[in-house]
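Here is a short report for a reader new to this structure. Start with the view below, then read on.

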Amino acid sequence: MTAALKDRLREEITTALKAGDKLRVATLRMLSAAITNREKELLHDLSDDELREMATREMKRRTEAMEAYAQANRPELADKERAEREILAPYAPSQLSAEEVDAIIEQTFAATGASGAKDLGTVMGLIMGQVKGRADGAAVQRTVKERLGG
């Protein structure tokens with residue numbers, strides 16, 4: 001098993017420590033701790049794909065916190081969460097464009113012949129299998145529901 005991303009993470013933590021970049025150090029250490037906890041939970045070293053999945057989860061947490069801080073009129077905290085999300089981004093899988101997601105939705109509709117709300121579960125299962133971690137599931141679901149007329 002390659003641990004390329006894990007090695008890169010360790011190297012970036014060291015570089016950030018030497019540079020005195022406290023936010024970067026804290027954010028990368030948080031990701032490293034989440035990875036270690038997950039490895040203990042699963043009883044095996046994480047693959048690069050599993051590591052990317054962890055980074056995606058952490059980015060989602062930052063996005064949710066950022067939105068909560070923005071609603072609470074706390075822009076300084078929202079900015080901190082945004083900066084942390086940007087630090088985590090290189091470890092997450094690249095995101096699909098809206099056009100790529102729409103193309104996958106179109107292909108899935110064509111393949112399944114989905115036509116009503118009863119097909120939502122089937123369609124979403126197939127789509128999310130293809131876009132997992134690379135697209136916002138809530139946005140995909142909204143688009144699919146609009147297409148299904150519900």
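The model is predicted. A salt bridge joins the side chains of Asp-7 and Arg-10, at 2.8 Å from N to O. Both residues sit in helix H1, three residues apart, so about one helical turn separates them. Asp-7 is partly exposed, with a relative accessible area of 35%. Arg-10 also counts as partly exposed, at 48% relative accessibility.

## The chain as a whole

The protein chain has seven helices and zero strands. Read from the N terminus, its elements run α-α-α-α-α-α-α. The C-alpha trace spans about 55 × 45 × 25 Å along its principal axes. Of the 150 residues in the chain, 32% are buried. The chain exposes about 9100 Å², and carbon and sulfur atoms supply 51% of that area.

How far along the sequence do contacts reach? Take the contacts with a separation of 6 or more: residues 24 or more positions apart account for 58% of them.

## Salt bridges between helices

The count of salt bridges comes to 16. Three of them are set out here, among them the Asp-7 pair from the opening.

| Pair | N to O distance |
|---|---|
| Glu-39 and Lys-6 | 2.4 Å |
| Asp-7 and Arg-10 | 2.8 Å |
| Arg-24 and Glu-12 | 3.1 Å |

Take Glu-39 and Lys-6, whose side chains meet in a salt bridge. The cut-off for buried is under 20%.

Now take Arg-24 and Glu-12, another salt-bridged pair. Arg-24 lies in helix H2 and Glu-12 in helix H1, so the bridge ties together parts that are twelve residues apart in sequence. Arg-24 counts as partly exposed, at 24% relative accessibility.

Some salt bridges share partners. Through them, Glu-58, Arg-61, Arg-62, Lys-80, Glu-81 and Glu-84 join into one network. One member, Arg-61, has its place in helix H3. Arg-61 counts as partly exposed, at 48% relative accessibility. Arg-61 and Glu-81 are 20 residues apart along the chain, and their C-alpha atoms are separated by 9.0 Å.

## Where H2 meets H4

Two packed helices are described by the angle between their axes and the distance between the axes. Helix H2 covers residues 22-42, and helix H4 covers residues 75-88. Their axes come within 10 Å and cross at roughly 65°. The crossing of H2 past H4 is right-handed.

Which residues make the contact? From H2 come Leu-23, Arg-24, Thr-27, Leu-28, Met-30 and Leu-31. From H4 come Lys-80, Ala-83, Glu-84, Ile-87 and Leu-88. By class, this contact has seven nonpolar, one polar and three charged residues.

Thr-27 is found in helix H2. It is buried, with a relative accessible area of 2%. Leaving aside neighbours within four places in sequence, Thr-27 is in contact with Glu-84, Ile-87 and Leu-88.

## Two loop residues with positive phi

Which backbone angle stands out at Leu-43? Leu-43 has a positive phi of about 65°, although it is not a glycine. Its place is in the loop between H2 and helix H3 (48-71). Leu-43 counts as exposed, at 75% relative accessibility.

Asn-73 also has a positive phi, of about 60°, and is not a glycine. Asn-73 has its place in the loop between H3 and H4. With a relative accessible area of 63%, Asn-73 is exposed. The cut-off for exposed is over 50%.

Definitions and conventions
Residues are numbered from 1 along each chain as its sequence is written. This is a predicted model: local features need pLDDT of at least 70, side-chain atom pairs count only at pLDDT 80 or more; totals for chains, interfaces and linings use all residues. Side-chain values use heavy atoms; hydrogens and water are left out. Axes are lines fitted to C-alpha atoms, for helices over the stretch in contact, and angles run from 0 to 180 degrees between N-to-C directions. Helices (H or I, at least four residues) and strands (E, at least two) are DSSP runs, numbered from the N terminus. A crossing is left-handed if the near helix is turned anticlockwise from the far one by less than a right angle, and right-handed if clockwise. Contact means heavy atoms within 4.5 Å. Ala, Val, Leu, Ile, Met, Phe, Trp, Tyr, Cys and Pro count as nonpolar, Asp, Glu, Lys and Arg as charged, and the others, Gly among them, as polar. Buried means under 20% relative accessible area, exposed over 50%, partly exposed in between (1.4 Å probe, protein chains only). Accessible areas come from the Shrake-Rupley method with a 1.4 Å probe; for residues, only the protein chains shown count as cover. A salt bridge is a side-chain nitrogen of Lys or Arg within 4 Å of a carboxyl oxygen of Asp or Glu.
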